[in-house]
Amino acid sequence: MAANKSLLLLPGDGIGPEVMSQVKRVIEWMDRRRAVRFEITEDLVGGAAIDAHGVPLADATLEKALSVDAVLFGAVGGPKWDNLDFKIKPERGLLRLRKDLGLFANLRPAICFEALADASTLKREVVEGLDILILRELTGGIYFGEPRGITVLPDGTRRGVNTQVYTTPEIRRVARVAFELARKRHSHVTSAEKANVMESGILWREEVQKLHDAEFPDVRLDHIYADNCAMQLVRNPKQFDVIVTDNLFGDILSDEAAMLTGSLGMLPSASLGDADESGRRRALYEPVHGSAPDIAGQDIANPIAMMLSFAMALRYSFDMADEADLVEAGVRKVLADGLRTADIMQKGTARVSTSVMGDSILLALDRLAA
Ligand code: NAD
C-alpha cells in the first residue's frame with residue numbers, strides 16, 4: 001500500500017457540495033481499486049462556515065489546509081450572504097486560503113474533449129484534441145504594484161496610476177513551476193510578455209531564459225509577445241503546451257484559452273505555492289465556476305469541472321499521472337457515449353443529472369481499469 005496522501009475537502013456552498021460528492025465517489029473508487037489510500041478530512045468554508053462559526057474560514061480549517069498535501073475546493077457564495085460586510089463575505093474564505101497558502105501560480109488547462117469539439121466557437125480541426133495549460137502569476141504585477149491610485153491634478157483633471165512591477169525571485173519561482181509542469185507534459189514552455197515595450201517584460205524574458213539555461217535545458221523554451229499569443233490562441237492553439245505569463249496577461253489569456261473549449265461546468269483549475277524541503281508544493285484545486293445558486297439543490301450541475309480538478313491534484317500534487325489519465329479518460333468516455341448535463345446539451349445526446357453523470361463516470365472507470 002502506497003504512503004498516505006492527505007486531502008482536505010472544502011465543498012462550500014450552492015452546487016459545491018453536489019459536485020464534490022461525485023468526486024468523493026471517485027476517491028473511494030481509487031482507494032478500492034488502485035491500492036492508494038487517501039486520508040480525507042472535510043470541513044466548512046464560505047457561507048456554510050459563516051453559518052456555523054461566524055467567519056468564512058475558521059482558523060482551525062486554515063491549519064488543516066496548511067498541513068495537508070492538497071486542498072480540493074468546491075465553490076462559495078450565494079444570495080443568503082450577499083449583504084454581509086465585505087470582510088466576512090464567503091469569498092473572503094477563498095482569498096484567505098490563497099493568501100495564507102502563498103498560492104502564487106494559477107494553472108488553467110484548456111482541454112477539448114473530442115465529443116464537445118463542435119460546441120466550440122472555433123472550427124473542429126482547430127480545437128479537437130487541444131490540451132494546453134496556461135500558468136498565470138497570481139500575486140504580483142500590476143494588480144498589486146505601487147504606486148497606485150487616482151489623483152486630482154492642479155488643472156482639475158484626474159490621473160489614474162497602476163504599476164507593473166516584478167522582481168527576479170517572483171519571475172523565477174513561477175517560471176520554475178512552468179518548467180516543472182512541462183516536464184510532466186510535452187516539455188515545451190512558451191513565455192509571454194511585452195518585452196518590446198515594457199522593461200518589466202525585458203526582465204521577465206531574461207530571467208526565464210536564464211533559469212531555463214541553468215536548470216531546464218531539456219525543456220523547449222519559446223518567447224512570445226502577449227498580443228501575438230492572444231492571436232495564436234485562436235489561430236492555432238495546439239502549437240502550445242505550457243504558456244507562462246504575468247498576472248495581467250494571464251488573466252486575459254487564461255479566459256481566452258478556457259473559452260476555446262466551451263462550458264464553465266467543464267473547467268478545472270489549480271493554484272500552487274512554494275515547495276517545501278521534500279519538493280511538495282502547497283496546492284488548491286477548484287473548478288473555475290462559482291456556486292451557481294440558480295441551479296443549486298436540483299441535482300443538475302455538471303460535476304466534470306470538479307472531477308477534472310481532482311485529476312489535476314492526482315497529476316500535480318500526487319505524481320499519479322496514470323490515475324489522472326484514467327479520470328480524464330472516464331470523462332471522455334461518458335461524453336463520447338452521448339451523456340450530457342444540461343449545460344453541455346447538444347442535439348442527439350441524452351440529458352443526465354449530476355448523480356447519474358457520477359454513476360456513469362464510475363462505470364467508465366470500472367471498464368477502463370478492467
Ligand atoms: P457561477 O459560476 O456560479 O454561475 C454562472 C452560470 O453558470 C450560472 O447560470 C450557473 O448555473 C452556471 N454554472 C456554473 N457552474 C455550473 C456547473 N458546474 N454546471 C452547470 N451550470 C453551471 O457564477 P455567478 O452566477 O456569477 O456567481 C454565483 C455565486 O458564486 C456568487 O455568490 C459568486 O460570488 C460565487 N462565485 C464563487 C466562486 C468561487 O467559489 N471560486 C467563483 C465565481 C463566483
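Student: Which domains does the domain assignment of the protein give?

Tutor: Domain 1 (1-111 + 265-370) and domain 2 (131-260); the bounds come from an automatic or database domain assignment. This is a predicted model, where local features need pLDDT of at least 70 and side-chain atom pairs count only at pLDDT 80 or more, while totals for chains, interfaces and linings use all residues. Residues are numbered from 1 along each chain as its sequence is written, and side-chain values use heavy atoms, with hydrogens and water left out.

Student: How do you know that domain 1 and domain 2 are in contact?

Tutor: Contact means heavy atoms within 4.5 Å. By that test, 18 residues of domain 1 are in contact with 22 residues of domain 2. The centres of the two domains, taken over C-alpha atoms, are 26 Å apart.

Student: What share of the residues count as buried?

Tutor: Buried means under 20% relative accessible area, exposed over 50%, and partly exposed in between, with a 1.4 Å probe and protein chains only. Of the 370 residues, 53% count as buried.

Student: What makes a group of residues a nonpolar core?

Tutor: The members must be buried Ala, Val, Leu, Ile, Met, Phe, Trp, Tyr and Cys residues joined through side-chain atoms within 4.5 Å. The largest such core here has 72 residues, and Phe-38, Leu-72, Tyr-285 and Phe-310 touch the most other members. Helix α10 (residues 304-316) gives the most to this core, with 10 residues. At least three residues come from each of domain 1 and domain 2. A second, separate core of 18 residues includes Ile-224, Ile-243, Leu-253 and Leu-260.

Student: Which residues does Phe-310 contact, leaving aside its neighbours within four places in sequence?

Tutor: Among them are Leu-7, Val-23, Phe-38 and Leu-72.

Student: How many helices and strands are there?

Tutor: There are 12 helices and 14 strands. Helices (H or I, at least four residues) and strands (E, at least two) are DSSP runs, numbered from the N terminus.

Student: Why are β2 and β9 called edge strands?

Tutor: Two strands pair if DSSP finds at least two bridges between them. The open sheet has 10 strands in the order β2-β1-β3-β12-β11-β4-β5-β10-β8-β9, with mixed pairing. The strands β2 (38-42) and β9 (220-225) each pair on one side only, and that makes them the edges.

Student: How do you know that β5 and β10 pair?

Tutor: DSSP must find at least two bridges, and β5 and β10 have 4, in the parallel sense. One example is Leu-135, whose bridge partner in β10 is Val-244. Strand β8 also runs parallel to β10, joined by 4 bridges, and Thr-190 has Ile-243 as its bridge partner in β10.

Student: Which way do the residues of β10 point?

Tutor: Val-242 and Val-244 point one way, Ile-243 and Thr-245 the other way, and all are buried.
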